[in-house]
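Thanks for coming. I will take one region of this protein and walk through its packing.

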Amino acid sequence: MRNCGIALLLASSLIASAETSRVSHLPPALVLREGWAIQAACRVERGGETISTAGFRPVGWRPATVPTTVLAALVADKVYPEPDAGMNLRSIPGTVYPIGANFANLPMPQDSPFMGPWWFRKEFLLPAGSRGKTVWLDFGGINYRANIWLNGKQIAKSDEVAGASRSYEFDITAAALPGRSNVLAVEVYSPLENDLAFSFVDWNPLPPDKLMGLFREVEVRTSGPVALRYPTVLAKVDSPEMAHLTITALLKNSSARPIRGTFEAQIEGVSVAQAVELAPGEAKDVSLTPEQFPQLHFSHPRLWWPAQMGTPNLLKLVTTVVVDGTVSDQSTSEFGIRQITSELNATNGRVFAVNGKKILIRGGGWTPDMLLRRDPERLRGEFAYVQDMGLNTIRLEDHLETDEFFNLADQKGILVMAGWTCCSPWEHWPRWKPADYVIAEQSLRSQIYRLRSHPSLVMWLNGSDNPPPPDVEQTYLKVESELAWPNPIVSSATAKPSSITGASGVKMTGPYEYVAPGYWEQDATSSTHKECNQGGCGGAFGFNTETSMGPAVPPSESLRTMLPKEHLWPMDDWWNYHAGGGQFKNLHIFTEALNARYGPAATVEDYAFKSQLMTYEGVRAMYEAYSRNKYVSTGVIQWMLNNAWPCLIWHLYDFYLRPGGGYFGAKKALEALHPLYGYDDHAIWVVSSQYEDAKGLKLVTEVLNLDGSEKFSQETALDAPADSTQKVLTLPDIADLTATYFVRLRLEDAAGRLVGSNWYWLSTKPETLDWDKSNWYTTPTLSYADFTALAQLPKVKLNVTSRSERKGEEATTRVVVENPGRSLAFFVRLQVEQGAQGPEILPVFWEDNYITLLPGEKRELSARYRASALGTARANVRVSGWNVE
């Protein structure tokens, strides 16, 4: 009868729109960031009941700033060396596991300093204004188990605080001391080899502490008797003219009595409110729907779009819970009105749509720093790189990033794929114990609550390399339904079907190791060759959730930073240590191809420069193939976007934020209007990735010999409809081509402005693939293209002038580079430096780079960067290239 009465109360207590939003007098959250101390528990004789009191003196403890892992704090305090350089990581105690092994699945060495727990201790003043309020202690992330004490009282035990992907909130009102000094002590345990913890799989080494620590914010918050959490706006978008909004939030009654109150929400002058009742200690989601409130039917809404499609509009949401006429809790946040859907196409590829418009997902796989260190300026730079390249998506495999990350994605219009990881206890379901099922469910509940309000989230993956077994998947689906997850749910990142939800609509078919540029177009839905993995091979059809053309050796400046001089050349085990794990412990497949295609590398500079050519070719070819074949192809994620430490594989820009060949190959392929060459059909195509028609275009196609002499030229008039792909012409057979020749493409708009371009170096020697020897990570090359004739290009001296200007926080250097010689200047690289002998300015956003100039050709290119990166120096432009003096 009581539940029925509450239902009647809710149904009859819809409250008319308020004219003004209420003012909250609650103090802001107290973020416990600086002033922590840490120590290994084996060196501390006292327990938590003493450590968490003001009388305890942490003599000999190490300083820390939270969020941090234990090792990150010790490195910051210079107890251990910076682990990124050389083999330093192996010198840190506990790093004795085999090189290239997945340490997440191995036991911690018994003599490791991280085998036992570590204490985190913090003294803080709790404002007197918290008196009479409910005081909450929030942990955004603890890895892995913890006992928590406050002012001599135990708040939580390690059997209830377990799981790296969970967040925790505790009512500490009874232990808190308003207006006085409080002491918090957290005893943190590292994860065991069977725990649902973090893994870097084969991307990079896992630190010896297995990332134990308080790796997200610790906050103290106050509220009245009812707290408000996770406010969210869910949207159903009929068209650009109409959207229907539902507002939902979690309300928590901290008191021992039933409470009646009001849940209020305001969106840009539209206010709605509803009476609510909560039983003692009850927490539940409460929703305000358009069926209840017609004003939540929004006409001509300002929709949120991915940046590629439009403007990522964000609106302000104010939610309030009122008890006895007083604000009990209030939240101000931003949201976007958008709806993301997906469907399977004729070949079982999952096609995504935003607000009813299809989008080809083109992205990269993300990793945090190896020690989970955070740098807001670096994060903004990396998002700017994503936008500059033209990517629209970032994939997270576990490592479900910070709130700042998701806020940036919302603001910048970058989609995010999120989900669990592979190759760790997260997918060792037969070994799960009862506690693991609870941790998995609570971890998902934490993340769905946290992420559901972000318009940037495009999907959630319940598995990575495998779909969960039926019982686990049912649990996941139940949580996602209960918490109103608004986006598509995919069973795994593979083509393996789920017995519960059927076809995934995606594939994880590789490759991850070097493949020739023609791979992506030659592998098609009609191919009859051996499958690389379930779902086929990695060619441009369907949705490939992680794939790559292989290693990404950075420019020589980065190699000189990450490796000591005595190990720079020839390549040795120090290089291998900065490759990957598992199957990817060295670069021999990539190096064999490089030497065969471009000629044997003689020095570290020679190897690094030829590597930029290889990655430019390979990354460009991958993105071009998927773009050309849309929407038979529906998505591609480059594995990876970035690196957790200085690495020789899998990135589009390196650990030092230095863009190389792969970066500019991606940027070229992802032009909004893009002409491209088909390696499979020798045709010239034009792809439009913009969402408006382009009329009156002119495409100029040229085929040139090595000396720059013209062998073919054609101008073609065309229109490029929005989000389209079209074959424009097929190159004829051309006699007397040099062994290495070039295809030059220029796309101009109706006003004669260059809107897209491309430059290919091709070989008359066919490059063939051995499809019958394909496996999950590569398809071998039977015969390589021959580009060794490039060595015959005469040296060229370029004329270079530049000018720089500062405007606010940004500086721009404009460079005019001219080729006055009689030979073309091939693969010309531009850098901006801090003074004549200073370091390269990074991050830097070049309009174009690694360019080729014909004799007499002149180009003006600009580079943007933070003005503060120059300091008091003047910008210096350095120009180099394949045959540039």
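Contact here means heavy atoms within 4.5 Å. Before I use that, two notes on where the values come from. This is a predicted model, in which local features need pLDDT of at least 70, side-chain atom pairs count only at pLDDT 80 or more, and totals for chains, interfaces and linings use all residues. Side-chain values use heavy atoms, with hydrogens and water left out, and residues are numbered from 1 along each chain as its sequence is written.

Start with F826. Leaving aside residues up to four places away in sequence, F826 touches L613, F742, W759, W761, L790, L793, I851, T852, G881, W882 and N883.

F826 also belongs to the largest nonpolar core, where F826, F139, I148 and L184 have the most contacts inside a set of 273 residues. A nonpolar core is a set of buried Ala, Val, Leu, Ile, Met, Phe, Trp, Tyr and Cys residues joined through side-chain atoms within 4.5 Å. Buried means under 20% relative accessible area, exposed over 50%, and partly exposed in between, with a 1.4 Å probe and protein chains only.

Which helix gives the most to this core? Helix α12, residues 604-628, with 13 residues. Helices are DSSP runs of H or I with at least four residues, strands are runs of E with at least two, and both are numbered from the N terminus.

Next, helix α11, residues 588-598. Its buried residues are F590, T591, A593, L594, R597 and Y598. Seen down the axis of α11, they fall within an arc of 160°, so they line one face of the helix; the arc is that of the directions from the helix axis to the C-beta atoms. Among the elements covering them are α12 and β39, residues 754-763. Just after α11, G599 takes a positive phi of about 100°.

How do α11 and α12 pack, and at what angle? The angle is about 95°, and the axes are 10 Å apart. Axes are lines fitted to C-alpha atoms, for helices over the stretch in contact, and angles run from 0 to 180 degrees between N-to-C directions. That makes α11 roughly perpendicular to α12, a label covering 65 to 115 degrees. On the α12 side, the contact includes Y607, K610 and L613.

Last, F787, in the loop between β41 (781-783) and β42. Is F787 buried or exposed? F787 is buried, with a relative accessible area of 2%. Residues touched by F787 include R597 and Y598, along with E617 and W761, again not counting residues up to four places away in sequence.

Terms used: Parallel < 35°, antiparallel > 145°, perpendicular 65-115°, else oblique.
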